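This briefing is meant for a reader meeting the structure for the first time. Please keep the sequence and the model open while reading the points that follow.

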Amino acid sequence: MARNFYLRPRGGRYDWRRRIPPSLIGRFGRVELIKSLGVVPYAEAREKARRLTTLTDELFLMVKRRPDLTTTQINDLLREWYVSALEHWEEMRGFGSVPFNVEAAKQMAADYVDGVKHDRTFLVEELADELLTQAGIQAAPGSDTYMRVCRGLLRAVADLNRVQAARLEGDYAVAPQDPLFAAQPASQAGSRKKALPKLSEAYARYSRAKAKTWGPDQAKANEDAHELFKEWCGDRRIDRYERTDFTDFVTMLQGLPSKRGKGQAWSGNLSELVAMAEKNPKIKTLAPPTVKRHAGIVSTFFGWCVDEYGLEANFARGAFKWKRTHRRSEERAAWTPEQLRVLFQSPLYHGATSPRFRTKPRPGPHIYRNARYWLPLLGAFHPIRLEEASQLRLEDVQEDEGISFLHVHATEDEDEDTLPKRKVKTAAGWRRIPLHPIPVELGFLDYVAELRSKGEKMVFPDLKPGGTAMRLGYLFSKWFPDYIRSLGITGVSYHSLRHSVITALQRARVHPDLMDQLDGHDTPEERGRYGKGFVIKDWYEAISEIAYDGINANLISPKKQLYVSNCPHD
């Protein structure tokens, strides 16, 4: 049962308590919202707390988006700008880039004092636009907030030039005279805030720090998520984001068409695409796992910012709450025996005219035993992932106690190794998978022996790296869905074969811990730590139990000419 972090038990009753985001405390005049829920059952209290949390999310977002700021907020913004501008001026002077002399600074100070007197806000409108944009504040020109910011900037520029003129004359004891800036020199508090970078700057540092541990696909996933967040919430300073920014971001993701960026029709801005999906229920939006991945990436980044820059809190944590509407086992379909029979009786296994068939297979006299032939067989009779099978080397097809097996593991650092690196999903992915009798009967070991005699190194030399992550299974993963669709097989994928295998092992009553060792999952709890009882014979007996109604080697491969072909994918 999901926990509500704002629910507090108090002597037999429940209270709902929620802290107000720091930037909104001045607007509410308090630091926390509290409501008694009374003496009610926990489930009812949790539901009430959930509704209150949702309502306050909307309230905070509404207040935040209102252009009106309190006097305290505006003054803090102006003081921070004043300190930053003075420090920037000193830096420029150090480089010899200060563009004016003492008299010019005094004249500018006088001009802006006169501007304050006559309310000449037009002098600083461009500066106000820049300041408000950097702070992530939307204030329309002419609004109360906008005008107050402009008047404050007139005072700031006037006093700033007076201080600069004194410093140019050698007087560094000069202090701000305007009470707005003299009241809080803020060089200490302001300098800490100034040190915090904008989102794009912090992310650039973050990605550099993670470059050695990220793979290409992980780097792209992070880049995509941060670009989405920046486009939706703006490129602000990292301490300018609030909890409502993240909940609003997740809400946008849940309504974003999944085809975004795929063609001209899906290349508009995020708001337009979300509005398009709202008007047309037939438009498919991002799946919950995709939303969760984007939200998790953003949360991980801001968690890093908490440690690296000392942010007050990671408000992105927990912004996405995904409630399952079905069982985990129902998330992806397994192949039915009927679908497997259609696949294994297709031209891929019963003969085709050419290896270059795609969506319209034509029956013919030859069977081409390349990656397209063997990968579905390995997937249907072994709990192996596509990339794990695609990256196998001939040296990974081994034997122990007379049992042939696939050694699935990651490649150690080998300086002179020119072959593609082998990878596994987790440490549990290092395993031995005995070969099922059906692929052996169909000649898999003969196929491997023939490749060895030709001096090949890879089990599937026709596979070439592709895609962002340069995966060996990339081109196959593009071809296979089209091929099975041409056979009338829908609702399943190559990965669904893994579900079929695990289901077959469950139905054969194979021990769960043995299944974990075969399919590359961690055995839960202490059993995984202490259990070391299974050996190669146990694994082979389990693999041999994988069976599908009406499917055997004779059904898959009739008596026809067999060709070992390393034809490239078309």
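How many aromatic pairs does the structure hold? In this predicted model, the structure holds 33 aromatic pairs.

**Aromatic pairs and a cluster**

- Tyr206 and Phe301 form an edge-to-face aromatic pair, with 5.2 Å from centre to centre and 70 degrees between the planes.
- Because Tyr206 belongs to helix 9 (residues 199–210) and Phe301 to helix 13 (residues 288–309), this pair ties together parts of the chain that are 95 residues apart in sequence.
- Tyr206 is buried, its relative accessible area being 2%, and Phe301 is also buried, with a relative accessible area of 0%.
- Phe381 and Tyr548 form another edge-to-face aromatic pair, for which the centres are 5.6 Å apart and the planes are at 65 degrees.
- This second pair links distant parts of the chain, 167 residues apart, since Phe381 lies in helix 16 whereas Tyr548 lies in the loop between helix 24 (536–544) and helix 25 (553–556).
- Both Phe381 and Tyr548 are buried.
- One aromatic cluster includes Tyr206 and Phe301, and among its other members are Tyr203, Trp214, Phe229, Tyr241 and Trp304.

**The contact of helix 16 with helix 20**

- The axes of helix 16 (residues 371–381) and helix 20 (residues 474–486) come within 11 Å of one another and cross at roughly 80 degrees.
- Because angles of 65 to 115 degrees count as roughly perpendicular, helix 16 is roughly perpendicular to helix 20.
- On the side of helix 16, the residues in this contact are Ala371, Arg372, Leu375 and Pro376, and they meet Phe476, Trp479 and Phe480 in helix 20.
- By residue class, the contact of helix 16 with helix 20 divides into 6 nonpolar residues, no polar residues and 1 charged residue.

- An open sheet is formed by 3 strands in the order 1-2-3, and their pairing is antiparallel.
- Strand 1 (7–10) and strand 3 (32–38) are the edge strands, each of them pairing on one side only.
- From one strand to the next, the twist averages 30 degrees.
- Strand 1 and strand 2 (residues 13–19) run antiparallel and are joined by 4 bridges, and Tyr14 in strand 2 is the bridge partner of Pro9.
- In general, the strands of a sheet pair through backbone hydrogen bonds, in either a parallel or an antiparallel manner.

Notes: Residues numbered from 1 in each chain as written. Predicted model: local features only at pLDDT ≥ 70, side-chain atom pairs only at ≥ 80, totals over all residues. Heavy atoms only, no water. Axes fitted to C-alpha atoms, helices over the stretch in contact; angles between N-to-C directions. Helix = DSSP H or I, 4+ residues; strand = E, 2+ residues; numbered from the N terminus. Parallel < 35°, antiparallel > 145°, perpendicular 65-115°, else oblique. Contact = heavy atoms within 4.5 Å. Nonpolar A, V, L, I, M, F, W, Y, C, P; charged D, E, K, R; others polar. Phe/Tyr/Trp six-rings, centres within 6.5 Å; stacked < 30°, edge-to-face > 60°. Buried < 20%, exposed > 50% of the residue type's maximum accessible area, 1.4 Å probe, protein only. Pairing = 2+ DSSP bridges.
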